[in-house]
Amino acid sequence: MSSENELIARLDEILTIERKALLSGDLTSLESIVTEKEDLIGSLNTIELAKTAASDDVNAKLEHNQVLLEAAMQGIRNIAEKLAEIRRIRREFDTYTEQGEKNRLKGDVESSFEKRA
């Protein structure tokens with residue numbers, strides 16, 4: 001039972017750390033957090049858990065963090081789409097004539113980046 005309580009307590013700590021990382025946008029630290037979280041959940045899955053208030057709290061945190069993680073992933077997808085649109089606009093830009101016909105302007109903008117030491 002003590003081992004079970006220790007696992008639940010550590011998972012609770014990890015979930016709190018994960019939540020803070022998600023809310024602050026610290027996505028780089030999530031890799032190690034997720035790895036430890038998965039290990040702890042795997043360990044908990046091998047033992048039969050008694051239904052306790054602590055396990056209910058951990059389940060609630062797991063669900064809340066999952067919502068935050070999905071929101072972060074959606075934000076990343078939105079940014080990727082916006083950047084793709086910006087790149088497309090740099091190559092071509094659609095306008096409309098007075099008659100309502102589509103007019104596509106092609107751009108030959110080649111960006112170059114010079115790096116100096």
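**Reading burial, helices and contacts in a predicted model**

Trainee: Why is Asn65 called buried?

Mentor: In this predicted model, Asn65 has a relative accessible area of 3%. Buried means under 20%, so Asn65 is buried. Asn65 belongs to helix α3, residues 53-91.

Trainee: What makes the pair formed by the backbone oxygen of Leu15 and the side chain of Asn65 a polar contact?

Mentor: A polar atom of the Asn65 side chain lies 2.8 Å from the backbone oxygen of Leu15. The limit for a pair of N or O atoms is 3.5 Å, and 2.8 Å is within it. Leu15 is also one of the residues that Asn65 touches, together with Glu18, Arg19 and Leu22, when residues up to four places away in sequence are not counted.

Trainee: Which other residues of α3 are buried?

Mentor: Besides Asn65, the buried residues of α3 are Ser55, Val58, Leu68 and Ala72.

Trainee: How do you know that the span of α3 is close to the expected one?

Mentor: Helix α3 has 39 residues and reaches 58 Å from its first C-alpha to its last. At 1.5 Å a residue, 57 Å is expected, and the two values are close. Helix α2, residues 30-45, can be treated likewise: its 16 residues reach 22 Å, close to the 22 Å expected.

Trainee: What puts the buried residues of α2 on the same side of the helix?

Mentor: The buried residues of α2 are Leu30, Ile33, Lys37, Leu40 and Leu44. They cover an arc of only 95° around the axis, and therefore lie on the same side of α2. On the other side of α2, the residues Glu31, Ser32, Glu38, Asp39 and Asn45 are exposed.

Trainee: What does Ile33 contact, leaving aside its neighbours within four places in sequence?

Mentor: Ile33 is in contact with Ile14, Ile17, Glu18 and Ala21.

Trainee: Which residues of the largest nonpolar core touch the most other members?

Mentor: That core has 14 residues, and those touching the most other members are Leu11, Leu22, Leu30, Ile33, Leu40, Leu44 and Val58. Each of α1 (2-24), α2 and α3 supplies at least two residues of this core. Helix α1 gives the most, with seven residues.

Trainee: Why is Glu48 called exposed?

Mentor: The relative accessible area of Glu48 is 77%. Exposed means over 50%, so Glu48 is exposed. Glu48 is placed in the loop between α2 and α3. Its C-alpha atom is separated by 8.9 Å from that of Glu4, although the two residues are 44 residues apart along the chain.

Trainee: Why is Leu105 called partly exposed?

Mentor: Leu105 has a relative accessible area of 43%. Since buried means under 20% and exposed over 50%, with partly exposed in between, Leu105 is partly exposed. Leu105 is found in strand β2, residues 102-106.

Trainee: Which residues are in contact with Leu105, leaving aside its neighbours within four places in sequence?

Mentor: Leu105 is in contact with Arg91, Glu92, Phe93 and Thr95. Asp94 is 11 residues from Leu105 in sequence, with 6.1 Å between their C-alpha atoms.

Trainee: How many helices and strands are in the chain, and in what order do the elements run?

Mentor: The chain has three helices and two strands. From the N terminus on, the order is α-α-α-β-β.

Key. Residues numbered from 1 in each chain as written. Predicted model: local features only at pLDDT ≥ 70, side-chain atom pairs only at ≥ 80, totals over all residues. Heavy atoms only, no water. Helix = DSSP H or I, 4+ residues; strand = E, 2+ residues; numbered from the N terminus. Buried < 20%, exposed > 50% of the residue type's maximum accessible area, 1.4 Å probe, protein only. Polar contact = N/O pair within 3.5 Å; in protein donor to acceptor, adjacent residues only side chain to side chain. Contact = heavy atoms within 4.5 Å. Expected span 1.5 Å × (residues − 1). Arc of directions from axis to C-beta. Core = buried A, V, L, I, M, F, W, Y, C linked by side-chain atoms within 4.5 Å.
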